[in-house]
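Subject: Handover of a structure

Dear colleague,

Please find below the sequence and the structure that I am handing over to you.

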Amino acid sequence: MMKRTLLSSRATRVIVIAAMGSSLGAATPKTNDYVAFVTCPLLRDTPELPCWMARYNGTLYYLGVQEGRSHLNTWYQPQMKHKMLVQGVVSNRPTVCGGVPLDHMFVSDLPEVSPECDTKMLPTQGFVSPKGRPLGPDPGPVGGEQVLRGPAGGAPELYTKDDIAQRRPLHFDIHYNFNSDFLIFPQEHNRAIQLKEYVQAIGARQIRMTAHRASALLTGGKVIVEDATIPASRRDNIITVLKAIGVPGEIITSEVLATPEPAKGPGDQLAQRVDIEVVP
Amino acid sequence: MVDRRSGLFGFVAVGAVRSVAGRLARRGSGVPSRAAMLAGSIAVVAVLGGAAAAGTKVPRWFGASYDDRLPAYSQFDNAFGKLGVLNESGDVPTKGHPFLAPLGANGRACVTCHQPGNAMSISTDSLRAHWQQAGFRDPVFAAIDGSNCPNLPQDKRASHSLLLDHALFRVPRPWPPRDLSGKAIEPEFSIEVVRDPTGCNLDRKYGIKSADPTISVYRRPRVVANMRFVTSDDTNPRAVIGNKTGLPRAQDPETGKFIYLPLLADGAQPSTRRQSNAAATGHQGFVGKLSADQLKQLDDFMMQIYVAQDYSNGAGRIGGPGGPQGLGTAGFKDTPGPRSAMREDRQVFKTMEEWRHKTPKTPAEEFQASVVRGYDVFFRRPFFIKDVANFTDIGMGNPYKRTCAICHNVQLSGIDNAPGFMDIGVENQPWADPAPHLPLFKLTCKPTAKPHPYLGRVIYTSDPGRALISGRCMDIGNINLSQLRGLAARAPYFTNGSAKDLPTLVDFYNRRFAMKLSPREKTDLVNFLSVL
């Protein structure tokens, strides 16, 4: 059976992370250390695009540059007034906007309001942000239109023409932020649409879903767990979406795993998902 | 071909004409008699071109029955110049037309509250002038929603203060909310009336504890024009999933289409057809359902009428050859819509380079240059958009550094087709301007509900907005943003009328988002908005 695990970059992430040493509990992270922490976001207002940052255990990390919300965006950006869960691997790349970059990074903004996270902006201090989406009008077609035309968010095609010709089973997942059932735009929207197109192309007789509940081992040893209602809510929402875009509801079966996936550090975020298996 | 016959749409001296019709009407039951309407019609024709009263230019009131036609093109004075009203299909006879003639028992027509001279909305200036002329029995002041509450003495000005002072109509919404099929939704929050200056929300007949529990909020009528650039009928399956909710968009129960809900502030109605029926019964006392012919006439009318400022006191003629092609009623022609226009090669109001005078030689050119600078602020000047529910909480980050046009992005209308429900703080505390004339509600969300992303689970608001339809905590205070055309003709602004004029509107954004606008930038923005 063909198995495609999430985005190809995520598949790589599993392998890479597994090979790395974990530094849970370490005070000063070193290159290749895995870090996971909950903190308030910081924003550095550079002359071009602002940089999202985070400070933890005395280290300032660079998370990413403001990207907007189009087919080009690659990450779900945090919010002031909300804490965020940051998971990633300390990079050996040069600092950006004064912060240490993280590889294989995943940021989840947490749903509850945290007024203490209405933090002051970091001063520019001469830092320059990486190039990104311009702040004013776009130079070319807006992302929304490209989303309508093809794969978005850098998501690869989930299947090939040969997969359709051979009517192969398809296994992939929809990924979520920690403790969230929000279908991320555009990446996960596009995967849902590709799923529907594949189901129709091969005349699939069944879609099996398994909704997972994640936990996360934080640097320092604390474990946080997604709410018990989250996996069912993710499952319900994705079924609602699939039906709306034309997937027959009667071919969908589902299972909710209420027991949290064990928190082990690297790769914890991969459990924030609904597995989907298309049966020809 | 634009018909510039403005004869029948001249301007009348406030108090000089309608008083005849008003006096005749006041003798009767409150519904203007045919004789009163006829008298008004004759009188209007007799004083064409008259000056407005007391320095305030008030466009002539369009009566529900005493005007015989809506011309193909007409102009109406306002404080900034003249508004153009273009009807693509030519003259429209009033008699029997479902938008222009009364449908129900209270003498109102759609046009009563969507006045051509007010950009198919309505302004406080027009309402006050009309109150002076026609008095409380005029259909626009009907008890059902043209007064603060139907239980109040209708002959008192104070009973109509929200309409006369803020151009707000009462909008009753059922509690608990109902979905599009009429089924009750279990809301994620409880609602408590903290302040009830109109008395309606605690009234035994009309309030939240009545036999038919209702919450009254007070809102501005939306512009019923330029609808080709407002409504969207995108059936592409890739557009089915709402990019703000991650869930399917609302579905029109009649057509099955997934829709954007741009029509009302709270998206209560999915289609112009449903809204037409709801307005006929809710505002006009119509009983039953409109016929297919009437609905088609209404749909056609809404799609063929355009409003925009066509003359600026400062800039001169707007639109047409030699001027910015996106402005004026002529600018709507030959432009497809609606489409996003947040890009250099397709700007929201097209290019305004024709008015970018490096060395202005005349006062008109000075003003035109100011308009272009204002457009630059609107289109290009970034600021931090912060704590806007249903916008900065959906993955782009809070705050989000961008320009006005990121939300007002649809070409030629400036509406948002995402759709544009969001909470910018007009209704919800702490950002809302003090509004002791409006009700104040305390909403407490259930612990299991997703909270409002910036206000949490206890929220004070004068209008819960979309939450009164969806029942969702995170939608409290969410309001569909409005189009930007004909602003000069329809003060006050925002759904709750909290900005009494364009400078106040600009000041709100400047304060709310710490834009740090200079005095010149403020003036430029006002000038830009005044020519739309």
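**Salt bridges**

Arg457(B) forms a salt bridge with Glu112(A), and the closest N and O atoms are 2.6 Å apart. A salt bridge here is a side-chain nitrogen of Lys or Arg within 4 Å of a carboxyl oxygen of Asp or Glu. The pair crosses between chains: Arg457(B) is in the loop between β17 (440–445) and β18 (458–461) of chain B, and Glu112(A) is in the loop between β6 (100–109) and α2 (143–149) of chain A. These element names refer to DSSP runs numbered from the N terminus, with helices (H or I) of at least four residues and strands (E) of at least two. Glu112(A) counts as partly exposed, at 40% relative accessibility. On this scale, buried means under 20% relative accessible area, exposed means over 50%, and partly exposed lies in between (1.4 Å probe, protein chains only).

Before going further, please note that this is a predicted model, in which local features need pLDDT of at least 70 and side-chain atom pairs count only at pLDDT 80 or more, while totals for chains, interfaces and linings use all residues. Residues are numbered from 1 along each chain as its sequence is written, chains are lettered from A and ligands numbered from 1 in the order in which they are written, and side-chain values use heavy atoms, with hydrogens and water left out.

Over all chains, a search of the whole structure finds 41 salt bridges. One of them joins the side chains of Asp300(B) and Lys296(B), at 2.7 Å from N to O. Both residues lie in helix α8 (residues 292–304) of chain B, 4 residues apart, about one turn of the helix. Asp300(B) is partly exposed, with a relative accessible area of 34%, and Lys296(B) is partly exposed as well, at 48%.

Arg472(B) and Asp475(B) also meet through their side chains in a salt bridge, at 3.0 Å from N to O. Arg472(B) counts as partly exposed at 23% relative accessibility, whereas Asp475(B) is buried, with a relative accessible area of 3%.

**The interface of the two chains**

How many residues of chain B are in contact with chain A? There are 46, and they meet 50 residues of chain A; contact means heavy atoms within 4.5 Å. The size of an interface is often given as the accessible area lost when the parts come together. Chain B and chain A bury about 3,800 Å² between them, 55% of it on carbon and sulfur atoms. Buried area is the accessible area (1.4 Å probe) that two parts lose on being put together, summed over both.

The rule finds 5 salt bridges across this interface. In one salt bridge, the side chains of Lys81(A) and Asp387(B) meet at 2.7 Å, N to O. The elements giving two or more residues to the side of chain B that touches chain A are β12 (342–343), α9 (363–380) and β15 (400–402) of chain B. The largest share, 3 residues, comes from β15(B).

**Two buried residues of chain B**

Thr392(B) is found in the loop between β14 (383–385) and β15 of chain B. Is Thr392(B) buried or exposed? Thr392(B) is buried, with a relative accessible area of 0%. Its side chain makes a polar contact with the side chain of Tyr454(B) at 2.8 Å, and another with the side chain of Asn398(B) at 3.5 Å. A polar contact is a pair of N or O atoms within 3.5 Å; within protein, one must be able to donate a hydrogen and the other to accept it, and residues adjacent in sequence count only if both atoms are side-chain atoms. Not counting residues up to four places away in sequence, Thr392(B) touches residues including Gln79(A), Asp387(B) and Tyr400(B).

Asn148(B) lies in the loop between α5 (143–146) and α6 (161–166) of chain B. Asn148(B) is buried, with a relative accessible area of 5%. Leaving out residues up to four places away in sequence, Asn148(B) touches, among others, His160(B), Arg170(B), Cys200(B) and Tyr218(B).

Yours sincerely
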